[in-house]
Amino acid sequence: MIVRSIARCSATRRLPLCRPRLFQAEPRRYSTFTSAVTAPDGASQVSMLGAFTSELDRIAPKFEIEGSQIQILRTPSEFYETLKAKILGAESRIFLSTLYIGKTEHELISTLQQALRAKPRLKLSILTDALRGTRESPDPSCASLLAPLVTEFGPARVEIRMYHTPNLTGLRKKYIPKRINEGWGLQHMKLYGVDDEIILSGANLSTDYFTNRQDRYHVFISKEITDYFHSIHDAVSHLSFLVNPLAQEPAGYTLSWPASNLAPSPLISPRAYVKHSSAVLLPLIQPPAVPSHSSSSASTTSSERSKGTNTTIYPLLSLTQLFPLSTPSTASSTEAPALSSILTTLSQPQYKTSSWTFTAGYFNPSPFLVNLLLRTASVQNTVITASQQANGFYGSKGVSGLLPPAYTLLSRRFLERAEKEGRKADIGLKEWRRGTVGEDGGWTYHAKGLWISVPSPSSLSPPSPSSPEKDGVSISVVGSSNYTQRSYALDLEAGACIITSDPSLQQRLKEEKDHLGEYAGVVTRDDFARSERRVGLQVRIAMWIVGLVGGAL
């Protein structure tokens, strides 16, 4: 969900100025080598992709793998069964970063117990958000569900951590209601690592995400990539509270700040916490230093892939709230600069035969992202978002029931702007619906990401509605981010950009995109003009709420 201008005060960071750091796109700001980002006419697809990688090399770490090392899951049940199977087969480590684990997920806890009992050397680390994970306390909560794992297996084998934003302290924390306080920042990363494999997703760990809440799920079979994300998980864990089981407490646990943590408590010294946290995290999210004489040109990509790899993975992080306000946004986030670089490259005329699909269940992309999407040279582009009937708030009582039409209004505004800027013929909007929320067979939509098809240069003309694109997907971004202003100013986000010349992976990425499209129908301005889609003052009030607490779901 989203942070709009009204949410500026909710994005404060313990400072008198009530102002979040916003990402401002500056095309091609990472390199002075313009030749490195220009694909020549008649170039191979690999060199055309090299125009993207040459800039991304300067933004984020990268890993070269085979396309066969990525498995794409399609459904919530497949995600859940795969996760359980990998947990039961674990030998040395399990680490799970998520917003929360559902308080009734006893089967998942039982699966973890089975794995730990079977393998005495197996260790488990879980990182969730403190505000979401303790919201129901002293009633059953995520924290009370997990604490018994420490009791049974001991703190040497099981560690439960809960991240607390440094933005919510003092009187603000004392008086702001629990249902609203999540608007000041969350641990939103979704990293599910087992041994040398990791699942990157936008899904949390609760029943709806295992059954009827559509998301995306990519399995990376790579020790190097898994180790990298484990280092992020471990660093944030040691900047978080520790859950200690305590039967005497009504909630069944306490939260403590270990002396071994890498920073002082955010509730006691928020400024010092941010200062220490940024020093820990900055070396992890930045790419290795590039020699001054190197331009990381497309030829580098070809050389690397000649060694047997055909796919490049760029981990993308957004950790803005853990950096001082004076920190450039390009240092605290690699996701926003990476997306800016990709879409800026896609605006060049030689990519007119390309196409993109962008999706977000809670549709309100950051303004910089909207601007760049509208400037691309690509044609036959599609935005997929949730219909009102696929929004988790559909049919809710009170103000929350106004949120689905609020997102519909935001979708309408995007479509109107696209048409105003002359993109009516090549940017379409689709709404995803599979039944109706609250009814038998009804699903909700939570998928988010980007797919880009970069056809081989032999393509003589761009695709058209009457001649659908047949090329596979060469570039995709997957992860936890909702791509909103909130994602880049408040929450901790993790994902990856995949760039591949592997035909098999390109086809599988296309099939993933097409699968989501099977339940998506085209929506036009005429549809928005229908009486049932008109919105009034109440919906505009709901949009204020979206801005305040959006993204917390």
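Trainee: Of the accessible surface of the protein, what percentage belongs to carbon and sulfur atoms?

Mentor: This is a predicted model, in which local features need pLDDT of at least 70, side-chain atom pairs count only at pLDDT 80 or more, and totals for chains, interfaces and linings use all residues. Residues are numbered from 1 along each chain as its sequence is written, and side-chain values use heavy atoms, without hydrogens and water. By the Shrake-Rupley method with a 1.4 Å probe, the accessible surface comes to about 20700 Å². The share of carbon and sulfur atoms is 54%.

Trainee: Is the packing of helix H1 with helix H13 roughly parallel or roughly antiparallel?

Mentor: Helices are DSSP runs of H or I with at least four residues, numbered from the N terminus. Helix H1 (residues 45-56) packs on helix H13 (residues 335-346) at about 150°, with axes 10 Å apart; axes are lines fitted to C-alpha atoms over the stretch in contact, and angles run from 0 to 180 degrees between N-to-C directions. Angles under 35 degrees count as roughly parallel and those over 145 as roughly antiparallel. H1 and H13 are therefore roughly antiparallel.

Trainee: Which residues does Glu 419 touch, not counting residues up to four places away in sequence?

Mentor: Glu 419 lies in helix H15 (residues 403-420) and, at 22% relative accessibility, counts as partly exposed. Contact means heavy atoms within 4.5 Å. With that exclusion, Glu 419 touches Lys 424 and Arg 525.

Notes. Helices (H or I, at least four residues) and strands (E, at least two) are DSSP runs, numbered from the N terminus. Buried means under 20% relative accessible area, exposed over 50%, partly exposed in between (1.4 Å probe, protein chains only). Angles under 35 degrees count as roughly parallel, over 145 as roughly antiparallel, 65 to 115 as roughly perpendicular and the rest as oblique.
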